[in-house]
Amino acid sequence: MDESVMASFWGPVTSTTELCEANYTHSSYIAEFYNTISNVPCILLALIGIINAVGQGFEKRFSALHLFNMILAIGSMLFHATLQLVLQQSDETPMVWEILLYVYVLYSPDWNYRSTMPTFLVLYGASFAVLHFFLRFGIMFKLHYIGLSLLCLPRMYKYYIQTKDHSAKRIAKLYVATLLLASVFYVIDRAFCKKMNGWYINPQGHAWWHVLMGFNSYFANTFLMFCRAQQRGWDPRIESLFGFLPYVKIRKPDKKD
């Protein structure tokens with residue numbers, strides 16, 4: 001196939017962000033191959049989480065968390081496959097929606113006015129989507145996302161120190177470890193891109209960011225499911241799927257007649 005046709009299958013690049021991976025090296029349909037396929041583990045982990053949450057009767061908020069992880073991964077795949085601005089926003093806007101859902105899950109148990117928080121968060125998320133579509137935030141998007149993420153950390157720490165179960169604490173530590181390691185890969189990929197492009201093999205730092213953040217989201221959701229099950233008196237315990245992937249097993253008290 002003509003090289004120019006391969007390089008322009010989706011048209012010229014319109015996204016405001018390009019990562020450290022050469023375009024169209026493996027397929028004329030995929031601009032950034034590794035950054036695209038690295039989202040597959042995220043989708044599979046989210047699917048496992050949904051099956052567990054629905055199968056055991058967890059509150060719908062946890063199914064929604066895993067579903068948003070899946071939507072975010074699919075949006076990321078579409079963006080990296082095409083490098084089109086509209087699909088970049090299909091990756092970035094769900095990132096903000098997902099963090100707002102985390103804010104709700106983390107803070108709602110102690111919120112006295114039940115309807116005000118979801119109403120505010122829905123309006124906030126919708127307003128951001130409209131503004132981001134028209135104004136196309138750049139660095140402000142990143143700072144905004146980091147700020148929302150930092151808002152979640154104190155509550156996660158509170159849940160950690162309140163949890164006595166060692167297996168659950170280990171999941172919380174895995175959440176922190178994957179977040180830190182993913183951040184290292186992200187920074188290295190951005191800071192040393194030109195140098196790495198001269199290497200025989202590009203380590204594909206952003207692709208590793210995707211994989212690690214997929215596990216990070218799964219660990220976060222699993223830990224929060226454990227904490228919520230404790231709050232509801234569902235006798236949670238941590239089991240392992242395939243011998244290594246933790247999930248929450250609960251035993252709800254029998255309903256009295």
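Which residues line the second largest cavity? In this predicted model, the second largest cavity is lined by I48, G49, N52, H66, Y218, T222, M225 and Y247.

**Basis of the model**

Residues are numbered from 1 along each chain as its sequence is written, and side-chain values use heavy atoms, with hydrogens and water left out. The model is predicted, local features need pLDDT of at least 70, side-chain atom pairs count only at pLDDT 80 or more, and totals for chains, interfaces and linings use all residues. The mean pLDDT (the predictor's confidence in each residue, from 0 to 100) is 91 for the protein, and 95% of the residues reach 70 or more. Residues 1-5 have a pLDDT below 50, and beyond near neighbours in sequence this stretch makes two contacts in the model; a contact means heavy atoms within 4.5 Å.

Spaces are found on a 1 Å grid over the protein atoms alone: a cavity is a set of points where a 1.4 Å probe fits but cannot get out, whereas a pocket is an open set with protein on both sides within 12 Å along at least five of seven lines. Lining residues have an atom within 4 Å of a point. Grid points are joined across faces, edges and corners, and a volume is the space filled by probe spheres set on the points. In the class counts, Ala, Val, Leu, Ile, Met, Phe, Trp, Tyr, Cys and Pro are nonpolar, Asp, Glu, Lys and Arg are charged, and the others, Gly among them, are polar. Helices (H or I, at least four residues) and strands (E, at least two) are DSSP runs, numbered from the N terminus.

The structure holds two cavities of 30 Å³ or more.

| Space | Volume | Lining by class |
|---|---|---|
| Largest cavity | about 40 Å³ | six nonpolar, one polar, one charged |
| Second largest cavity | about 30 Å³ | four nonpolar, four polar, no charged |
| Largest pocket | about 1200 Å³ | 24 nonpolar, 13 polar, five charged |

The lining of the largest cavity consists of F62, V105, P109, Y159, L224, C227, R228 and Q231. Helix α10 (residues 205-231) gives the most to this lining, with four residues. For the second largest cavity, α3 (40-55) and α10 each supply at least two lining residues.

The largest pocket holds about 1200 Å³ of space. Of the 42 residues that line the pocket, M95, Y145, S149, W209 and M213 are the closest to its centre. At least two lining residues come from each of α4 (60-82), α5 (85-107), α7 (139-162), α8 (166-191) and α10. Helix α7 gives the most, with nine residues.

**Annotated positions**

UniProt positions are given in the numbering used here, feature names are shortened, and annotations may be inferred rather than shown by experiment. The unreviewed UniProt entry places a "binding site" annotation on H80, H206 and H210. These residues are spread over 131 residues of sequence yet cluster in space, with a largest C-alpha distance of 11.4 Å. H80, H206 and H210 belong to the lining of the largest pocket. H80 lies in helix α4.

For "transmembrane region", the unreviewed UniProt entry lists residues 33-55, 67-87, 121-151, 171-188 and 208-227. Residues 171-188 are 100% helix and 0% strand, and their end C-alpha atoms lie 26 Å apart. Residues 208-227 are likewise 100% helix and 0% strand, with end C-alpha atoms 28 Å apart.

**The β-hairpin**

Strands β1 (residues 237-241) and β2 (residues 245-249) pair in the antiparallel sense over five bridges; pairing requires that DSSP finds at least two bridges between two strands. I238 has V248 of β2 as its bridge partner, and L241 stands opposite L245 in β2. The two strands, β1 and β2, form a hairpin with three residues between them, and F242 in the turn has a positive phi of about 60 degrees.
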